Amino acid sequence: MQDCRQFYIDGKWVDPAEVHDLTVINPASEETIATISLGTTADVDRAVVAAKGAFESYSETSVDARLGLLRRSIDVYQSKMQEMADTISREMGAPCSLARKAQAPAGVAHLLEIVKVLEHFEFERLKGSTLMRKEPIGVCGLITPWNWPMNQVVCKVAPALAAGCTMVLKPSEIAPLSAYLFAQIMDEAGVPAGVFNLVNGDGPTVGAAIAAHPDVAMVSFTGSTRAGIAVAVAAAPTVKRVTQELGGKSANILLEDADFETAVAQGCRSAFATRAVVQCAYADAGSAVEDGGGGEGAKMAAEATKVGDPFVEARAWGRW
């Protein structure tokens, strides 16, 4: 069992201000696989102080320096790709094939893309006689969900690094181990002390403290609408910028000219935790889920899906 009770703050692994242990459960086996600490406001304060201190120098680094950091991060990440995939499978139950082909590579994909963007990004542009300059905003609070952990973590961390911002990351306490490994990647890649900080914890405590902190200039949040409202409310008194991705999964929209049986089956295999929106005319024709058309197809697809150990290839569901 992993001991992941420390936080990554100011370039070091440090003990939490108070002991609040939480066990991490493998959802496939319901076995305890790790222990983390739930942070407090004091831990967030410490991380923000480190990030604010690092911002003065990191915000003035050259584009070449940031590109070098991102490229080193790519190299280290790729060297740990298998470990990352296995970690994601253990912490959130993703089939090993999905973790290896999509979940873990998503992190590298975001890093590679942000390198391409940064290579040609215009931070300064002359408009008439006025020089327009884009500057890093400051300390960013990054709050991420459990279901696509590296996709969500890196799509926030990589742009912040590229822009010259410093940050405090709070991953989901349900699936925190991949973010813990990512912090090790950041450390091995040579991220300057204080630029990247990791504090584990729950939303009502650590998430709220990040959103409300007066020295956090921006919060990027992905999660539920309920939690997004709480983040916006907590951020409002300090008038910080807030970006949010809320509300669950995108709908699978089925129009009347669709191959209904195929579309329903593929929709179920691709993403069980989503919803289908069926055109009314199609539903009236007798293919509504309630009428047994789509419902029967969904039932058959669900029953054909093998559930079990995500590390057994034969059980890997869907198109992955």
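Glu30 is exposed, as its relative accessible area is 66%, a value over the 50% cut-off. This comes from a predicted model, so please read everything that follows as a description of that prediction. Glu30 sits in the loop between β4 and β5.

The backbone here deserves a look too. Phi of Glu30 is near 60°, a positive value in a residue that is not glycine. Most residues other than glycine have a negative phi.

You will find Val239 in the loop between α8 (225-235) and β12 (241-246). Is Val239 buried or exposed? Its relative accessibility is 71%, so Val239 counts as exposed.

Strand β4 covers residues 21-26 and includes Leu22, while strand β5 covers residues 31-37 and includes Ala34. Leu22 counts as partly exposed because its relative accessibility is 27%, between the cut-offs of 20% and 50%. Ala34, in contrast, is buried, because its relative accessible area is 0%.

What does Leu22 touch once its neighbours within four places in sequence are left aside? Its contacts are Ala34, Thr35, Ile36, Leu38 and Glu173. Ala34, with residues up to four places away not counted, touches Met1, Gln2, Leu22, Thr23, Val24 and Leu177.

Leu22 and Arg5 are 17 residues apart in sequence, and their C-alpha atoms are 8.7 Å apart in space. Ala34 and Met150 are 116 residues apart along the chain, with a C-alpha separation of 18 Å.

## The chain as a whole

Zooming out, the protein chain has 11 helices and 14 strands. Its radius of gyration is 22 Å, close to the 20 Å from the globule rule for 320 residues, so the chain is as compact as a globular protein of that length. Along the principal axes, the C-alpha atoms fill a box of roughly 65 × 60 × 40 Å.

How much of the chain counts as buried? The share is 44% of the 320 residues. Among contacts with a separation of 6 or more, 73% are between residues 24 or more positions apart.

## Surface and charge

The protein chain exposes about 15600 Å², and carbon and sulfur atoms supply 54% of that area. As for charge, there are 28 positive and 38 negative side chains. The centres of these two sets lie 4 Å apart.

## Nonpolar cores

The largest nonpolar core has 56 residues. Tyr77, Met84, Val157, Leu161, Met167, Phe182 and Phe196 have the most contacts inside it. Which helix gives the most to this core? Helix α4 (residues 96-120) does, with 9 residues.

Leaving aside neighbours within four places in sequence, Val157 is in contact with Leu142, Met167, Phe182, Met186 and Phe196. Another core, of 21 residues, lies apart from the largest one, and its members include Ile9, Ala50, Val206 and Val231.

## Two partly exposed loop residues

Phe121 lies in the loop between α4 and β6 (124-127). This residue counts as partly exposed because its relative accessibility is 37%. Phe121 and Val63 are 58 residues apart along the chain, and their C-alpha atoms are separated by 9.3 Å.

Ile137 is found in another loop, between β7 (130-133) and β8 (139-143). At 30% relative accessibility, Ile137 is also classed as partly exposed. Setting aside neighbours within four places in sequence, its contacts are Phe55, Cys165, Ala217, Met218 and Arg241.

Notes:
Residues numbered from 1 in each chain as written. Predicted model: local features only at pLDDT ≥ 70, side-chain atom pairs only at ≥ 80, totals over all residues. Heavy atoms only, no water. Helix = DSSP H or I, 4+ residues; strand = E, 2+ residues; numbered from the N terminus. Buried < 20%, exposed > 50% of the residue type's maximum accessible area, 1.4 Å probe, protein only. Contact = heavy atoms within 4.5 Å. Rg over C-alpha atoms; globule rule 2.2 N^0.38 Å. Areas by Shrake-Rupley, 256 points an atom, 1.4 Å probe, with all protein chains shown as cover. Lys, Arg positive; Asp, Glu negative; His and termini not counted. Charge placed at Lys NZ, Arg CZ, Asp CG, Glu CD. Core = buried A, V, L, I, M, F, W, Y, C linked by side-chain atoms within 4.5 Å.
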